[in-house]
Amino acid sequence: MTAIVNVSLKAGVLDSQGKAVHHALDSLHFEGVEDVRVGKQIVLQLTETDKEKAMVEVTKMCEEILANTVIEDYKIELI
Amino acid sequence: MKVTILQFPGTNCEYDTQHAFEELGATTEIVWHKSETIPADTKLLVVAGGFSYGDYLRSGAIAKFSPVMKAVTEYANNGGKVLGICNGFQVLTEAGLLPGALKRNDGLHFISKHHTLKVENNDNIFLEKLNNGDVVNIPIAHHDGNYFIDSDGLKELYANNQVLLTYSDENGSAKNPNGSVDSIAGVCNKNKNVFGLMPHPERAMEAILGSDDGVKMLEGFLAS
């Protein structure tokens, strides 16, 4: 099974990289972009085949190391 | 007095830190991160600056799982004095020994220059040789020095006098190089035995090299 973990700064925590990208898009005349958030994606190949168990395990990984929950949120997708 | 300095792969300020403390009369020992113990006679443990594990994932995120960190946490929880400088500060926040987190600088640039700091609270061994309101000149060198803490956490920091230093101009008015909440440059834990700051006091030990304002900071530990 593959787990895709998306980590990004929490809403309310200023994302300076997102702001810079937004500014660049403006400079390139891409209109209609309201907000930009930059995050990172971590892709894990798991040996676990049970989705529920995998979700529990990957959630633990996120809480312990993959995200810093003081400033970041994470989303897990299993495929 | 024995100062123990931690060394992770990517640490690069351990020898500066060692030199600074030895100039002040301390004996020092550099301990590799694989060690599961720290010297029993350690009176101060320093997590030195650098780029532990290449700052992969997040600054300090991987270092917190090094074997030595269990001993560090135990040492801190037993009241041992711990000082994290720059990457060391990042490691200590990641390890949960200090509140808050360090984000990418708002301007996205690595900043390396001398900066003035204002002493906010000197009721701790780190800053006891300075007065509140004093302005010191200490180099900064970081990419991820943008201190963040949520509003409840910030209130708690102020309530317990845990804000140690803020970035300021030469007159002590706030001047923020990196976007830190309330221009915070350094904090301590509630028990005032764990200290962290982004600036490098160990690089401000000789006036001929730009500033010797770091001496009074590091001396605070030696006096105790």
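The contact between the two chains takes 9 residues from chain A and 11 residues from chain B; residues are in contact if their C-beta atoms, placed from the backbone, lie within 7 Å. Helix α1 (residues 16-27) of chain A gives the largest share of the chain A side, 3 residues. That side divides into 6 nonpolar, 3 polar and no charged residues. Here Ala, Val, Leu, Ile, Met, Phe, Trp, Tyr, Cys and Pro count as nonpolar, Asp, Glu, Lys and Arg as charged, and the others, Gly among them, as polar.

This is a predicted model: local features need pLDDT of at least 70, side-chain atom pairs count only at pLDDT 80 or more, and totals for chains, interfaces and linings use all residues. Residues are numbered from 1 along each chain as its sequence is written, while chains are lettered from A and ligands numbered from 1 in the order in which they are written.

**Chain A: overall form**

- Chain A holds 2 helices and 3 strands; helices (H or I, at least four residues) and strands (E, at least two) are DSSP runs, numbered from the N terminus.
- Read from the N terminus, the order of elements is β-α-β-α-β.
- The radius of gyration of chain A is 16 Å, well over the 12 Å that the globule rule gives for 79 residues, so chain A is more spread out than a compact globule. This radius is taken over C-alpha atoms, and the rule is 2.2 Å times the number of residues to the power 0.38.
- Its C-alpha atoms fill a box of roughly 45 × 25 × 15 Å along the principal axes.
- Of the 79 residues in chain A, 14% are buried. A residue is buried if 20 or more other C-beta atoms lie within 10 Å of its own, exposed if 12 or fewer, and partly exposed in between, with C-beta atoms placed from the backbone.
- Among contacts in chain A with a separation of 6 or more, 65% join residues 24 or more positions apart.

**Chain A: helix α2**

- Helix α2 (residues 51-66) of chain A has 16 residues, but its end C-alpha atoms are only 19 Å apart, short of the 22 Å that a straight helix would reach at 1.5 Å a residue. The expected span is 1.5 Å times one less than the number of residues.
- Its buried residues are A:Val58, A:Cys62 and A:Leu66. They cover an arc of only 50° around the axis, which puts them on the same side of α2(A); the arc is that of the directions from the helix axis to the C-beta atoms.
- An α-helix has 3.6 residues a turn, so residues three or four places apart point the same way.
- The cover over the buried residues of α2(A) includes β1 (2-9), β2 (39-45) and β3 (72-78) of chain A.
- The face turned away from the buried side of α2(A) carries exposed residues, including A:Glu52, A:Lys53, A:Val56 and A:Lys60.

**Chain B: overall form**

- Chain B has 5 helices and 11 strands.
- A compact globule of 224 residues would have a radius of gyration near 17 Å; chain B has 16 Å, which agrees.
- The C-alpha atoms of chain B fill a box of roughly 45 × 35 × 30 Å along the principal axes.
- Of its 224 residues, 51% count as buried.
- Among contacts in chain B between residues at least 6 apart in sequence, 73% join residues at least 24 apart.

**Nonpolar cores**

- The largest nonpolar core has 63 residues. Such a core is a set of buried Ala, Val, Leu, Ile, Met, Phe, Trp, Tyr and Cys residues joined through C-beta atoms within 7 Å.
- Residues with the most contacts inside this core include B:Val46, B:Val82, B:Ile85 and B:Leu92.
- Helix α2 (residues 68-77) of chain B gives the most to this core, 5 residues.
- Another core, of 7 residues, lies apart from it; among them are A:Ala3, A:Val58, A:Cys62 and A:Tyr74.
- Beyond its neighbours within four places in sequence, B:Val82 is in contact with residues including B:Leu45, B:Val72, B:Leu92 and B:Val194.

**Chain B: helix α3**

- In helix α3 (residues 87-94) of chain B, 8 of the 8 residues are buried, so the helix is largely enclosed by the rest of the structure.
- The buried residues of α3(B) pack against β3 (42-47), β4 (81-85), β5 (101-103) and β11 of chain B.

**Two alanines of chain B**

- B:Ala141 lies in strand β7 (residues 135-142). With 18 C-beta neighbours inside 10 Å, B:Ala141 counts as partly exposed.
- B:Ala207 lies in the loop between β11 (194-197) and α5 (214-223). With 10 C-beta neighbours inside 10 Å, B:Ala207 counts as exposed.
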